[in-house]
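Please look over the sequence and the structure below before reading the report that comes after them.

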Amino acid sequence: MKKVAVVGVGETKFSGPQDMTEVELFAEAAMEAITESNLKPKDIKALFVGNALGDFAEGQGMVQSLAAENIGCLYVPATRYEGACASASMAIRDACMWVASGYYDIVLAGGVERAATMGTGLATRTFAMFSDSRYEYPAGITFPAVFAMLTHLYADTYKIPLQKLREQMARVSIQSYKHGSVNPRAQFYGKNADMTVEKVLGSFVVSTPLTLHDCCPFSDGAAAVVLASEEVASKLTGKPVYVTGTGQSSCGPLGNQSDYLPRIRAREISSQRAYEMAGVKPQDIDLCELHDCFSIASLIAAESLGFFDYGTAGEAWEKGEADIGGKTAVNPSGGLKSKGHPIGATGAGQVYEVVRQLRGEVEPERQVPDAKIGMTDTLGGDGGTLVNMIFERGW
Amino acid sequence: MEHKLIFKDYNEALKQNKLLGLKCRACGAITVPPKIVCRQCASPDMDVIELKGSGKIRTFTTVFVASEGREDEVPYTIVMVELDDGPWIMGNLEGIDPKEASMELVGKKVKMGHKVFPGDKYSAGEGARPLFSLVN
Ligand SMILES: [Zn+2]
């Protein structure tokens with residue numbers, strides 16, 4: 001397999017409801033990535049686009065083909081990926097494989113979503129479509145409810161008093177708000193930097209014990225990256241970021257994961273594949289953009305990825321070990337909690353952040369010093385799809 | 001290859017308060033909800049059996065923000081129950097005040113009834129779910 005590099009990245013601001021169409025959002029992110037790569041649309045050989053719910057958000061299917069034509073990538077193959085919140089990461093991973101195979105030398109991958117445009121009722125309904133429609137939805141499952149149940153299970157499994165766990169989870173949200181407040185592309189840019197444990201615990205209850213501030217927002221947004229072979233990358237940029245490891249794994253309904261819960265087994269398998277392929281270990285990762293759709297999700301993810309022992313991630317957050325300057329800097333972008341979660345674009349947004357961190361290009365307050373190896377972690381559904389990718393500086 | 005048990009028949013049985021599952025002839029594991037192969041060993045060689053529907057609560061939540069079309073149901077409590085037969089299944093809990101649901105529920109024994117979700121424009125029809133209640 002050939003080495004694959006990210007040669008350019010682009011991203012819209014992640015936001016609440018806004019007026020641009022999904023095609024327009026994706027086009028802005030894509031053109032930023034293509035322009036940054038010193039390329040033209042005609043250089044792109046294929047598109048790989050994550051989009052989970054465009055059909056519901058604006059009655060638009062097959063957004064990938066319309067987006068390709070919109071940006072002047074005419075008559076090239078364009079493929080849509082749907083893996084709930086992991087859609088864009090699936091797209092990027094597959095795009096990597098096409099370049100690694102040697103079949104294409106330059107491709108565009110990313111994703112787009114207008115989850116906020118749908119409003120809370122429809123967004124809650126459609127997000128629940130990623131649970132089992134026959135054996136889970138009749139009970140009224142929602143996405144917060146999945147992670148709310150994992151919270152109670154986590155407390156019971158590791159014998160942590162629920163109140164103590166909730167305070168640890170609040171620290172996750174506070175850290176994410178802090179970094180997102182200085183990220184101009186974050187949904188909560190300039191907001192919530194003064195969040196306190198009391199405010200998190202005292203906010204509106206969504207699904208016990210999760211409050212509003214334990215939950216990521218619904219978001220609109222798009223992100224895209226240009227991938228190129230090593231040979232092409234060397235001509236385009238002095239700072240290629242190599243994709244050195246990837247993994248993907250699938251799983252069935254939540255109940256069928258009972259042998260491992262609250263651990264997400266698909267994540268353990270996915271991340272192990274990525275580590276093995278890259279030849280690195282969890283302690284080598286300087287920063288990780290991980291899937292913090294809910295505060296508890298950060299603890300579960302950080303443990304499955306091998307950053308902290310099972311049942312101890314809450315303590316790690318309290319001690320600052322998951323912050324910049326700690327063992328592994330988690331979500332310096334603000335993560336899904338504060339940067340936002342336009343689900344079909346989220347994984348591409350994570351890659352955007354990791355690449356810019358490795359290049360040393362983000363705001364000084366949230367730059368991980370001398371970051372050399374970064375990782376992404378994206379979860380779709382209630383563990384149904386997991387994608388992990390590892391990125392390393394090529395200079 | 002044909003299924004031994006599909007959703008339609010599982011659902012019809014659940015509406016009679018009968019929980020159907022599949023017992024694997026190869027490894028003995030019980031699979032519920034139904035699948036075409038055993039959840040443990042992937043063998044398709046399974047027999048349909050009726051489970052007792054009794055078990056204990058492993059986790060729970062009370063939902064305050066509902067999906068479109070189900071706003072009138074909140075607050076309601078969802079539970080994951082570990083059946084005496086092994087598998088975990090999702091259902092609702094009745095006979096308690098959902099607002100008072102707490103960690104004390106974890107480990108409590110339950111028995112099973114059912115309640116039908118009548119369906120919405122996305123759901124391709126109705127679907128019953130287990131409706132559990134605490135066993136004193
Ligand atoms: Zn078996």
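The report that follows takes up helix packing, a metal site and some features of the backbone.

The structure is a predicted model, and every value given here should be read with that in mind.

Two packed helices are described by the angle between their axes and the distance between the axes.

| Helix pair | Angle between axes | Distance between axes | Crossing |
|---|---|---|---|
| H6(A) and H7(A) | about 120 degrees | 10 Å | right-handed |
| H6(A) and H11(A) | roughly 60 degrees | within 9 Å | left-handed |
| H10(A) and H11(A) | about 45 degrees | 9 Å | right-handed |

Helix H6 of chain A covers residues 143–157, and its partner H7 of chain A covers residues 162–180. With an angle of about 120 degrees between them, H6(A) and H7(A) are therefore oblique to each other. On the side of H6(A) the contact is formed by A:Thr151, A:His152, A:Tyr154 and A:Ala155, while H7(A) brings in A:Leu162, A:Leu165 and A:Met169. Sorted by class, the residues of this contact between H6(A) and H7(A) comprise 5 nonpolar and 2 polar, with no charged residue.

H6(A) also packs with H11(A), where the two axes come within 9 Å and the crossing is left-handed. Here H6(A) contributes A:Phe147, A:Leu150, A:Thr151 and A:Tyr154, and these meet A:Ile296, A:Ala297, A:Leu299, A:Ile300 and A:Glu303 of H11(A). The contact of H6(A) with H11(A) holds 7 nonpolar residues, together with 1 polar and 1 charged.

The residues that make the contact are A:Arg267, A:Glu268 and A:Ser271 from H10(A), and A:Ile300, A:Ala301 and A:Ser304 from H11(A). In the contact of H10(A) with H11(A), the residues are split into 2 nonpolar, 2 polar and 2 charged.

**The zinc site in chain B**

The zinc ion has its protein donors in chain B, namely the SG atoms of B:Cys24, B:Cys27, B:Cys38 and B:Cys41, which lie 2.3 to 2.4 Å from the ion. The arrangement is tetrahedral, because the 4 donor atoms around the zinc ion subtend angles of 103 to 114 degrees. Along the sequence, the donor residues follow the spacing C-x2-C-x10-C-x2-C. Distant parts of the chain are linked by the pair B:Cys24 and B:Cys41, which are 17 residues apart: B:Cys24 belongs to strand S1 (residues 19–24) of chain B, and B:Cys41 to the loop between strand S2 (30–31) and strand S3 (46–51) of chain B.

**Backbone features in both chains**

In chain A, the peptide bond between A:Leu261 and A:Pro262 is cis, with omega about 10 degrees, and A:Pro262 is placed in the loop between strand S8 (241–250) and H10 of chain A. In chain B, a cis peptide bond leads from B:Val74 to B:Pro75, with omega near -10 degrees, and B:Pro75 sits in the loop between strand S4 (55–63) and strand S5 (76–83) of chain B.

A further backbone feature belongs to A:Met62, which has a positive phi of about 50 degrees although this residue is not a glycine. A:Met62 is located in the loop between helix H2 (54–58) and helix H3 (63–70) of chain A.

Terms used:
Residues are numbered from 1 along each chain as its sequence is written. Chains are lettered from A and ligands numbered from 1 in the order in which they are written. This is a predicted model: local features need pLDDT of at least 70, side-chain atom pairs count only at pLDDT 80 or more; totals for chains, interfaces and linings use all residues. Side-chain values use heavy atoms; hydrogens and water are left out. Axes are lines fitted to C-alpha atoms, for helices over the stretch in contact, and angles run from 0 to 180 degrees between N-to-C directions. Helices (H or I, at least four residues) and strands (E, at least two) are DSSP runs, numbered from the N terminus. A crossing is left-handed if the near helix is turned anticlockwise from the far one by less than a right angle, and right-handed if clockwise. Contact means heavy atoms within 4.5 Å. Ala, Val, Leu, Ile, Met, Phe, Trp, Tyr, Cys and Pro count as nonpolar, Asp, Glu, Lys and Arg as charged, and the others, Gly among them, as polar. Donors are N, O and S atoms within 2.8 Å of the metal (3.2 Å for Na, K and Ca); water is not among the atoms, so sites may look incomplete. Four donors count as tetrahedral if all angles lie between 85 and 135 degrees; four count as square planar and six as octahedral if opposite donors are over 155 degrees apart and all others between 65 and 115; anything else is irregular. Angles under 35 degrees count as roughly parallel, over 145 as roughly antiparallel, 65 to 115 as roughly perpendicular and the rest as oblique.
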